[in-house]
Amino acid sequence: MEFASNITLSALFQQVLVGLSKTTILFIVASGLSLILGVLRIPNVAHGSLYMIGAFLTYTVAMFLGGGSTGFWLALILAPIGVGLVSIIIERGLFCHLYEREHLMLLLFTFAFTLVFGDLVKLVWGSDYRSISAPEIFQGSFSVMGLPFPRYNLFLLVIGPLVALGLWLLTNKTKIGKISRAAAVDREMVGAVGINVSWVFCFVFVIGCVLAGLGGALVAPTQNITQGMDHTIIIEAFLIVIIGGLGNMWGAVLGALIFGLTDSIGILVWPQFAIVFPYTAVVIVLVFFPRGLLKSTW
Amino acid sequence: MKKACLAVTVLFCFFILLFIYPLSSDARPIKVGIIDCYSGPASTYTNDVRDAFKLAVDKINAKGGVLGRKIEFTTRDSKFKVDIGLSAAKELIMRENVDILMGTINSALALGISDLCKKEKLPFFATFSKSAKITGAKGHRYVFSMTENTALAGKAGAVGLAKRPYVKYWIAGDDYEYGHAIADGVWNNLKQLKPEVKLLGQSWWKVGEPDFTPYITAILSAKPDAVIIATGGRDCVPFLKAAQATGFNKRMPFFMHTATELSTLKPLGLNAPEGVIGTSNYHFFYPDTPENNSFVKEFKNVYGRVPKVGALYGYITANFIIKGYEKAGKVNSEKLIDAIEGMTIDSPIGNLTLRAYDHQVMFPMYMGVTTKVPGYDFLMVKDLVTLPGKDVMPTIAEIKKARGK
């Protein structure tokens, strides 16, 4: 009955903008997952947990510094670093011994980590909802063609391309980036020319996890920081990586765009059944491109 | 010789135990089994139920218990899963021999335990599950609801909204049982109370939806007069956050059951939207009566925090059990049920009656609007209106209809 009942140009434009800011978070998390998947061949189910830890760390740092703007900005830097430290420990301590195992083993292993992290978060932060505010300059909204657009979402729209650019520079213009791309294609060959593949893997793993932490930190002011936020994101991130092409960073961009935009436009077009839009898009993509839209590194 | 001595001593001790055991079992404590979700986000609600229950039980035990018997309770974590909760319920009944079961914030589990208790003929006090089916369509002699439900909340929302001038509505909510039940409850009652209302459209999102901004902007472009938000539990906080970020509350009035509850407002701090219309069963500052103030003080002394709505549910559950056994004069399930049917007890929010027909506690509902109050680092509620229990309860005729009679 209310199919496409309230679509106006301004509303559509608005939905696209809002959808793009959601895309930012999805892209940041999915690109980390994709990086680890592409280079290390680990389907890291615990990626969502690291995103959750990133959000909780943001809360802790921001609250420790009084909950104001400076607290948030520092948290935005410190929380991903904290997640990075956690990831160094688990990579050096555990993962680095398991790279030769088959995927199913690694999948189960990382799944075990989601359970461990889930309980750890409960032990450390308890089960109450946590929430932090966006820094003052990004609070509230401004009008775009008569409809409100939250300032914080504008900030996300700026951050997204910056992270994409940074990742591109890292993987294409730096030596370690080039090595890691080579390791993704043929890890034995890279080892054979005298490069310590194990440390390259560690580096990539940490970068991927820092991205998860950054995603968690960025999302913290817009939603509830609570247990369970890991499950939601990990499913979406995996879908994005799959439709984009496993291990392909631009695939993550494309997948996140498809997922984020179909979601927000679906809400406008057919609000009662909005939930199915992004998943239908995933199905359509997979029917026509079973290996993902862009070239997968697998 | 030594061995024989030892054997005799052991045998002797064994016989003593054998004799003492039946004696002591006569004054065996009354056992209550609590099954609830103590892990995950739901525990912010369920911990208060347990803690306030303990508060009331400790008080009566210090006075020597009920009918000379102490009340003991054991908890089991259902992890929000029906199968885990149900097997815990069976274990509590068979191994722990509990006299009473209570708990669960999960409606599906509450209905499952209710069914089990009907077969076992054991009283079950549902403390936080909001499904109207518990005392409605699926109600029976052994189940009691110690909390408001979707029928009550829906009717309360409708009664409150009908007094306001809005005509064009939009409904949005969690796409599951609770969301739809609340939305239907509000809407069906509102249509009866004010036939000119019009529904422009609906949006439904998945439970645990992280970002509500796209939903809000879509609703704004439809330009209704007011919005009914049928979301509960953990989705309330992110929704209000998105409402604050988009200025939704300033552009459009919206009603959300539990928006005025402390569990929702506290995590948001001062950065929460003002002017949101909400309903709740309990506020630590309202009603401002000596009973409520002393309950808040007592709770705060023991646990170092102010009680949330769950505390009221836990506290009255304990009191219905205590008063029920006292009235029954005997620890017997059937006698207890006869005793508490239609019983009225004192509570922090005044007298509460358990309706005899459907075993639903007749809660008043407080409707108010969120506001900032100096001295608090979270939003408070103003313009509180009490919607008395008898006005917001579904009628017995409606319950009979739901039960197919």
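## Model and conventions

Since this is a predicted model, local features need pLDDT of at least 70 and side-chain atom pairs count only at pLDDT 80 or more, while totals for chains, interfaces and linings use all residues. Residues are numbered from 1 along each chain as its sequence is written, with chains lettered from A and ligands numbered from 1 in the order in which they are written.

For the model, ipTM is 0.78 and pTM is 0.79. Where pLDDT is low, the predicted coordinates should not be read in detail.

## Two domains in chain B

Chain B is divided into domain 1 (29-148 + 288-363) and domain 2 (151-286 + 365-392); the bounds come from an automatic or database domain assignment. Taken over C-alpha atoms, the centres of the two domains lie 28 Å apart.

Contact here means that C-beta atoms, placed from the backbone, lie within 7 Å. By that rule, 20 residues of domain 1 of chain B touch 20 residues of domain 2 of chain B. On the domain 1 side, α2 (43-62) and α12 (309-328) of chain B are the elements that give two or more residues. Helices (H or I, at least four residues) and strands (E, at least two) are DSSP runs, numbered from the N terminus. This side has twelve nonpolar, four polar and four charged residues, where Ala, Val, Leu, Ile, Met, Phe, Trp, Tyr, Cys and Pro count as nonpolar, Asp, Glu, Lys and Arg as charged, and the others, Gly among them, as polar.

## The α3–α4 pair

Let's look at helix α3 (residues 82-94) of chain B, which packs against helix α4 (residues 107-120) of chain B at an angle of about 30°, with axes 9 Å apart. The angle makes α3(B) roughly parallel to α4(B), a term for angles under 35 degrees.

Residues of α3(B) in this contact include B:L86 and B:I93, and those of α4(B) include B:L109 and B:I113. By class, the α3(B) contact with α4(B) has eight nonpolar, two polar and two charged residues.

## Where chain B meets chain A

Between the chains, 35 residues of chain B are in contact with 40 residues of chain A. Elements of chain B that each supply at least two residues to its side are α2, β7 (198-205), α7 (213-222), α8 (236-246) and α10 (262-268). The most come from α7(B), with eight residues. The chain B side divides into 14 nonpolar, 15 polar and six charged residues.

Technical notes:
Axes are lines fitted to C-alpha atoms, for helices over the stretch in contact, and angles run from 0 to 180 degrees between N-to-C directions. Angles under 35 degrees count as roughly parallel, over 145 as roughly antiparallel, 65 to 115 as roughly perpendicular and the rest as oblique. Two residues are in contact if their C-beta atoms, placed from the backbone, lie within 7 Å.
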